[in-house]
Amino acid sequence: MIHGEIHLHVRQYINGRWETSATTGVSANPSDTSEVVAEYARADRRQAEAAIRAATEAFPHWSHSTPQRRADVLDRIGAELLARKDELGLLLAREEGKTLPEAVAEVARAGQIFKFFAGEAIRGGAGGGGGENVASVRAGVQVDVTREPVGVVGLITPWNSPFVIPAWKIAPALAHGNSVVFKPAELVPACGWVLAEIISRAALPAGAFNLVMGSGREVGQALVDSALVDALSFTGSVANGERILQTAAARRAKVQLETGGKNALVVLADADLDRAVDCAVQGAYFSAGQRCTASSRLIVEAPVHDAFVAKLRQRLKALKIGHALERGIDIGPVADEERLAQNLAWVGIAREEGAEHVWGGEALERATRGHYMSPALFLAKPSHRIAREEVFGPLACVLRADDYDEALALCNDTPFGLCAGICTNSLKHAMHFRRHAVVGMTMVNLPTAGVDFHVPFGGRKGSGYGPREQGRHAAEFYTTVKTGYMLA
Ligand code: NAD
């Protein structure tokens with residue numbers, strides 16, 4: 001049981017053992033910076049390399065384990081996450097700053113992901129069901145197509161969803177028989193550690209799962225550079241994703257990137273305006289806008305533009321921003337001082353570019369010292385930087401569109417392509433939008449943020465690279481296909 005007030009001392013998990021490092025770091029509570037959440041060992045390159053070697057040695061054992069064994073391991077991890085969701089949600093809210101209900105829901109979803117992949121170990125993918133027997137074009141020959149694990153996978157994750165993003169990488173990696181080196185983001189070591197601690201008690205062979213906490217430049221880069229790492233799955237910023245892709249692809253590693261977004265929510269004149277405002281508030285501002293699926297561009301058809309902006313402004317005025325553990329709070333703090341400064345700089349850029357300020361965008365003081373700001377809304381032009389670049393904070397802009405065709409064109413006028421939503425009562429426009437939005441995920445009359453755990457997640461253009469994550473489609477990344485011929 002992890003208690004709210006006491007700070008944790010967390011270590012690396014390498015080859016089935018807990019290890020300290022030469023240096024340590026701390027994570028602080030963004031709602032109250034005087035509170036240390038964890039003191040953590042900071043790995044260096046040598047420890048990262050030891051974890052990679054351990055994963056390499058464990059691979060023959062784990063990759064040949066039975067589907068039933070893998071299913072049992074994953075089921076046990078999922079069950080523990082679900083049973084401890086309130087306690088671990090509290091840790092997540094303290095370390096990352098999501099509101100407590102959001103944090104508890106995230107831990108529960110992480111548990112459901114492990115449960116889903118427990119089934120997947122048996123149903124499909126490497127070693128389980130799901131292979132194909134195919135008729136050969138040659139007489140007397142039998143053909144089958146099976147899936148095998150890829151090998152050692154390096155999993156590099158961001159700070160904004162510290163349970164669920166690691167879960168949707170670790171669970172399919174293990175389900176399909178790969179061994180894992182997991183590197184969480186520096187801001188959320190305690191969340192990464194607690195997940196590793198649960199996994200460490202799930203009867204995996206030593207070395208099949210390893211945790212290395214430390215800097216991206218040293219520990220993350222060691223995974224990217226190592227010839228022993230067969231596949232890399234990275235979620236984070238576009239710039240780091242690009243660099244990882246260049247290096248890892250050059251040594252022919254398999255690479256999967258989930259990077260940023262500049263997601264649009266289109267509001268047509270025939271929409272239920274209250275629902276549209278609700279989708280905008282949830283999609284753009286909840287979790288302090290720190291979601292890759294956040295609706296940061298609200299594209300509104302001219303006849304309802306002013307009414308939508310007025311209603312949205314009213315809602316923003318009423319939102320409660322405060323300590324993530326306070327009851328009744330809508331939005332917690334942003335993750336750290338640097339992100340707060342970046343968000344406030346974006347507000348300055350928006351003003352300088354001539355975007356019209358509607359609401360918010362100010363640093364706020366609360367009873368505890370934290371990284372609080374009011375949700376910001378601007379009316380922008382498509383050329384403005386706040387309409388083109390990812391902010392990753394509680395800031396959204398409204399773009400006016402004359403009609404549906406212009407709204408769709410604006411929606412697609414972006415280097416990103418993660419997700420896009422539309423609020424409308426027109427079946428014709430909803431169907432057309434689902435087909436023509438150039439993204440990986442579409443939502444109709446729903447917020448852009450908030451997705452299911454059993455279906456593919458990911459984007460197009462600058463938002464991603466490689467096969468999708470989650471659901472049975474995760475097998476495309478975490479397995480490799482083998483075709484077998486046999487004389488019958
Ligand atoms: P980031 O790129 O700074 O860091 C992500 C991870 O990469 C961290 O663990 C970091 O330590 C590591 N890293 C940094 N440099 C590295 C290097 N040279 N080699 C290997 N690893 C390295 O991103 P962040 O600030 O933690 O997260 C925010 C970003 O993540 C946003 O751009 C957001 O859109 C994106 N994101 C995307 C998705 C998605 O699924 N599309 C989901 C959540 C967040």
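The model is predicted, so local features need pLDDT of at least 70 and side-chain atom pairs pLDDT 80 or more, while totals for chains, interfaces and linings use all residues. Residues are numbered from 1 along each chain as its sequence is written, and side-chain values use heavy atoms, without hydrogens and water.

Among the 29 residues around the ligand, Thr157, Ser237, Thr259, Cys292 and Glu390 come nearest (a residue counts as near with a heavy atom within 4 Å). By class, 13 of the shell residues are nonpolar, eleven polar and five charged; here Asp, Glu, Lys and Arg count as charged, Ala, Val, Leu, Ile, Met, Phe, Trp, Tyr, Cys and Pro as nonpolar, and the others, including Gly, as polar.

What lies 2.6 Å from an N or O atom in the side chain of Ser237? An oxygen atom of the ligand does, and a ligand oxygen is also 2.6 Å from a side-chain N or O atom of Glu390. The protein covers 91% of the 850 Å² of accessible area that the ligand has on its own (Shrake-Rupley method, 1.4 Å probe).

Domain 1 (8-259 + 463-487) and domain 2 (264-444) both contribute to the shell, so the ligand lies between them; the domain bounds come from an automatic or database assignment.

Definitions and conventions. A polar contact is a pair of N or O atoms within 3.5 Å; within protein, one must be able to donate a hydrogen and the other to accept it, and residues adjacent in sequence count only if both atoms are side-chain atoms.
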